[in-house]
Amino acid sequence: MTKNRVTRYGGRAFATAVAACGITVAGALPAAAAGDGPTRQELMADCASGLGKCTFNEPRIGEAYLGEFRQVSDSLYNCSTSDTTQTMSWDDTVGSTDSLGVSVTAGGKIAGMVDLSVTASYSHSWSSTHSESSSLTMTVKPGEVGWISRAQVMQKVSGTWQTHYDDPKWGHYYWFWQDTITGPAKNGTDGRNNAVVVKSRKMTDAEKRSCSADAGHRGRAFVRQH
């Protein structure tokens, strides 16, 4: 199978599901030859639409870590000959993705299934998105560009998806596949904290020339949208 195709599972979880539903192993086991089975994208689409009755089983939460810094504000260009100080607003929304890099949206069926599973196993909820906004005063030196960057505490949740069809699809009632969801965690999880910092760099030669060429920018600071 290609790496995006579903692998076969014949372990305890499968046996339990089959026994509970009174379906024989021969009738439910994904035994399709390579290339004959569905891709994970196709099965996830059925989970999202409700065509497949899906659950996210045995979630395992990894240790929290600080994600990468990303620019969350407009940029402040200083074309003057002295330091410039200005209060800049910022806003940031961090979402979740699965192991294929596909977005897991807030309030959707997929996010709800993961949240239900994590809540049942760990007694606390899981959120697929986090939004935050504020403002920060920054000082930018002459000939430099400044902006605000933010890093979100992140966490991975691994588990096994199971989908059940009322009628066989791709030749079987059940399909199983492993997945890892990466998403935002609460500030302070495992001692990790969100971070907001001011960053700056020197203007490029082209940016310096635009300071001189544009009468509105000459000798002053200006903001450019992110």
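Modeller: A nonpolar core here is a set of buried Ala, Val, Leu, Ile, Met, Phe, Trp, Tyr and Cys residues joined through side-chain atoms within 4.5 Å. Keep in mind that this is a predicted model.

Biologist: Fine. How many residues are in the largest nonpolar core, and which have the most contacts inside it?

Modeller: That core has 18 residues, and those with the most contacts inside it are Val104, Ile110, Val114, Trp126, Trp161 and Trp177. Helix 3 (40-49), strand 1 (53-61), helix 4 (109-122), strand 10 (153-169) and strand 11 (172-184) each give two or more residues to it.

Biologist: Which element gives the largest share?

Modeller: Helix 4, with 5 residues.

Biologist: What does Trp126 touch?

Modeller: Setting aside residues up to four places away in sequence, Trp126 touches Ser96, Val104, Ala111, Val114, Asp115, Val118, Thr119, Val157 and Ile181.

Biologist: Val118, then. Buried or exposed?

Modeller: Buried, because its relative accessible area is 0% and the cut-off for buried is under 20%. Val118 lies in helix 4, and its contacts beyond four places in sequence include Pro59, Ile61 and Val157.

Biologist: Changing topic. How many disulfides are there?

Modeller: There are 2 in the whole structure. Cys47 and Cys54 form one, with sulfur atoms 2.0 Å apart, and Cys79 is joined to Cys211 in another, at 1.9 Å S to S.

Biologist: Where do Cys79 and Cys211 sit?

Modeller: Cys79 is in the loop between strand 4 (75-78) and strand 5 (84-94), and Cys211 is in helix 5 (residues 205-213), 132 residues apart. Both are buried.

Biologist: Why is the Cys79 and Cys211 disulfide called left-handed?

Modeller: The torsion about its S-S bond is about -60°, so the disulfide is left-handed.

Methods:
Residues are numbered from 1 along each chain as its sequence is written. This is a predicted model: local features need pLDDT of at least 70, side-chain atom pairs count only at pLDDT 80 or more; totals for chains, interfaces and linings use all residues. Side-chain values use heavy atoms; hydrogens and water are left out. Buried means under 20% relative accessible area, exposed over 50%, partly exposed in between (1.4 Å probe, protein chains only). Helices (H or I, at least four residues) and strands (E, at least two) are DSSP runs, numbered from the N terminus. Contact means heavy atoms within 4.5 Å. A disulfide is a pair of cysteine sulfur atoms within 2.5 Å.
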